Amino acid sequence: SYFGRNPGHMIDFTNSIIPKQDVNKTKVFKFVGHCWSTLVEEDKRRFESVSINTLAKEKLITHLDRFFTSKEDYLKNGIPYRTTIVLHGPPGTGKTSLIKAIAAKYNKNISTLDIDSVAADQMKFALCTAPDNSIIAIEDVDSLNSLHKRTEQEKQSVGISSMLNAFDGIGTFSDKVVIMTSVSSSFKKQPMCSFKFSQSALNLA
């Protein structure tokens, strides 16, 4: 046969039929149902095109540069290799644009996770199975603040406790950057943020 005993032929054939991602595009994934699906490919957003506070931009770049070059330190000290950034500011202040620009700058894709449509028991699974080489974007996390007003059925969705469980404990995820957006800075005052993942909170207002 064409492939014979050389597995290299099969690898070459497989690579030839898998569509290659355009280097000028950012692939966007979305968690739907019980799995991740490709949503769209977008033109990369230049970091320089995002208009935000200069000090905030420098702080963010420093934080991410340090993270991406410190994997061995995390692993050596038994620390899960992940970081979570909270971006807060009123609508229209560039939070989503900044996520796209970060992905482009560091040659990452984006995996979007809608906490209002993910069941609480799926949150950890979604984080652990997010596509490789992607930034996980969780937008509009303010809804977590109003969980006590929801019906019993609605409480099956993600809440503070399920978010904490997803970010900690046995079987947690690693090798990921998570960026959450919030309209109000009050979200970072949640115990889960101050204790778990407010390493870098940037005010984009």
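Student: What should I know before reading the model?

Tutor: This is a predicted model, in which local features need pLDDT of at least 70, side-chain atom pairs count only at pLDDT 80 or more, and totals for chains, interfaces and linings use all residues. Residues are numbered from 1 along each chain as its sequence is written, and side-chain values use heavy atoms, with hydrogens and water left out.

Student: What average pLDDT does the protein chain have?

Tutor: The average is 76, and 69% of the residues score at least 70. The pLDDT is the predictor's confidence in each residue, from 0 to 100.

Student: Which elements have the lowest and the highest mean pLDDT?

Tutor: Helix α7 (residues 191–197) has the lowest, 39, and strand β4 (residues 109–112) the highest, 96. Helices (H or I, at least four residues) and strands (E, at least two) are DSSP runs, numbered from the N terminus. Over residues 191–200 the pLDDT is below 50, and this stretch has 25 contacts in the model beyond near neighbours in sequence. A contact means heavy atoms within 4.5 Å.

Student: Changing topic, which residues of helix α4 are buried?

Tutor: In α4 (residues 95–105), the buried residues are Lys95, Leu98, Ile99, Ala101, Ile102, Ala103 and Ala104. Buried means under 20% relative accessible area, exposed over 50%, and partly exposed in between (1.4 Å probe, protein chains only).

Student: And what do they pack against?

Tutor: Their partners include β1 (25–32), α2 (54–68) and β3 (82–88).

Student: How many salt bridges are there in the whole structure?

Tutor: A search finds six. A salt bridge is a side-chain nitrogen of Lys or Arg within 4 Å of a carboxyl oxygen of Asp or Glu. In one of them, aspartate 43 pairs with lysine 25, with the closest N and O atoms 2.7 Å apart. Aspartate 43 is in strand β2 (residues 35–43) and lysine 25 in strand β1, 18 residues apart, so the pair links distant parts of the chain.

Student: Is aspartate 43 buried or exposed?

Tutor: Aspartate 43 counts as exposed because its relative accessibility is 57%. Lysine 25, at 24%, is partly exposed.

Student: Last one: how many disulfides are found?

Tutor: The search of the whole structure finds zero. A disulfide is a pair of cysteine sulfur atoms within 2.5 Å.
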